[in-house]
Amino acid sequence: MKLFRQTQIHILLTLSFLLGACAPESEREAGRINAVESGRLLAYQHCIACHQVPEPDLLTKRSWEFALTYMGFFLGIVDYQAMEGVEEFAWDSIHLREEFVRDAKMIPDQPLISEADWKQLRSYYIEAAPEEAIPQPSKSAISEDLDLFTVAETQYRMDSAITSMVHIDETNKLLYAHDSGAERLTVLDRNFNFHDAHSSPGVALVEARSNGESLYLLSIGDLFASNIGGKFGELQRTRVLSGVFMGLEILVKGLHRPADFDLADLDNDGMEEFLVSNFGDYTGDFSVYRKNVDTEEFMDDPLILSQQPGIVKGEAHDFNGDGFQDILVMASAARENVSLFINDGKGGFEQRILWEKHPSFGYIGFEVRDFNDDGAPDIITLNGDNGDSDPYNTLKRDHGIRIYLNRGELNFEEAYFYPMYGVYGAEVEDFNQDGDLDIAAIAFHPDFDADIPENFVFLEQTSALAFNPSTHPATFNGRWLSMDSGDADGDGDVDIVLGAAYVPVGMRDRHMDRFETLASEAPPILILENKLR
């Protein structure tokens, strides 16, 4: 009887299979389309709560396997099944991500999505994703150019450098380089020889600003986010007299991994406020610290304009011409966007989101300059961050440099795009002194397989918003994290300094041999001296 029952079941299963196989092609296709549509609708239901819904073709299949496992944590899904068999570095990375999310207390006690729906959502992305990354739009071939810049010799040495900041101090005729691995700030003179050095335990400088004798220094405090929620960042100030640092004052402390700062008089009272971009980790904000009228010290209770994590930069400009400075702010986590906080002249600000991008866009910074000489500030944006939730350095077609022209009434129009994988910083100046603005840019996550490594690009503006790309061969031997421009040697033209960071993030997949060579042989900084004068 038992055998007969098993035979019945086998026959029924066989018939079911045959009937499915014989089903009209249109029905099977309709079923597939319905499954895809269901997965897409689930993505819009669950993903949109945190960010724009990304299209499946933004990542490759294996990158989606990692990213979806990571995103599942935020929905209360801790499932490593799809990660079985991946490379050890990716396995270690996803476990570290879970630890970070748990430490931040962001894994729900109960799943926010059913197991069936999660499988369908995941299937939607994995099945629709490409095997290989979709390439960037075509562009002019980059050439090797030795005409404008030459490499200057320097006495600066640092093994396995993590140069988180370089800064040209034109007023005091000095060059600063901070290494966050060695926790050391080195000072070079105008001949790029050693001048002084300062040990800085627990400090990781990421930004500097010179103002006469005052030198402002911003420490992120926790460069690699090893202490989730830790607030170790601070704004420092020292006086520079005849090349010597005279004391060090901590102006603001307890900052949450600040990435950038600005000083601006927002209320026209003659005192500058401190604008800080607290990148944070899973939490962060953009804050404005005002001064005490009597003591002129920054007060402890800032005005928080945004509580979004991942703020990479904020900068004050009078965008609407009303005599009060507004603030342009860039956010690079989840809801990646560029916002304008409009100053009402009474101590308040109104946020206006200029544009928002998908969560793998990778915003890293911006510059505000007038590109078309109409007297209105334009915006140049950079997006090339590739280390957040993709350990493979999967090339992103959206990465690059964009110029948005100011069309008036706080409207901006994208007028130029230079595709550049992993772009991480830019300086905008008239480097060749021909009357228009050029762009020098670095990439920390370039295409390491390219014939000519595009980790440094010089975009010479040859006519209105037309740029000729070139690079310098000396930049090939380096992985550039920081940069600055200015008259470093005092001859009247604009030089460039690049700072290198030799960390394996983004290179573990297929380029560890190259990483080890760079870490042991490549320079900690590179000075490109302008040859115009």
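Reader: What lines the largest cavity?

Author: The lining of the largest cavity is L58, H358, S360, F361, K396, R397 and D398; a lining residue has an atom within 4 Å of a cavity point. The model is predicted, and local features need pLDDT of at least 70, side-chain atom pairs pLDDT 80 or more, while totals for chains, interfaces and linings use all residues. Residues are numbered from 1 along each chain as its sequence is written, and side-chain values use heavy atoms, without hydrogens and water.

Reader: What makes a space a cavity?

Author: On a 1 Å grid over the protein atoms alone, a cavity is a set of points where a 1.4 Å probe fits but cannot get out. The search of the whole structure finds 3 cavities of 30 Å³ or more. The largest holds about 50 Å³, a volume being the space filled by probe spheres set on the points, which are joined across faces, edges and corners.

Reader: Why is H51 called buried?

Author: Buried means under 20% relative accessible area, exposed over 50%, and partly exposed in between (1.4 Å probe, protein chains only). H51 has 10%, so H51 is buried. H51 sits in the loop between helix 2 (25–46) and helix 3 (61–74); helices are DSSP runs of H or I with at least four residues, strands runs of E with at least two, numbered from the N terminus.

Reader: Why is A466 called partly exposed?

Author: The relative accessible area of A466 is 26%, which lies between the two limits of 20% and 50%, so the middle class applies. A466 belongs to strand 26 (residues 466–471).

Reader: What makes Y70 and F73 an aromatic pair that is edge-to-face?

Author: The whole structure has 20 aromatic pairs. Y70 and F73 form one that is edge-to-face, at 6.3 Å centre to centre with 75 degrees between the planes. Rings of Phe, Tyr and Trp (its six-membered ring) pair if their centres lie within 6.5 Å; planes under 30 degrees apart count as stacked, over 60 as edge-to-face and the rest as tilted. Y70 and F73 are 3 residues apart in helix 3, about one helical turn.

Reader: How do you know that Y70 and F73 are buried?

Author: Y70 has 7% relative accessibility, so Y70 counts as buried. F73 has 0%, so F73 counts as buried too.

Note on methods. 1 Å grid on protein atoms, 1.4 Å probe; cavity = no way out; pocket = protein on both sides within 12 Å on 5 of 7 lines; lining within 4 Å.
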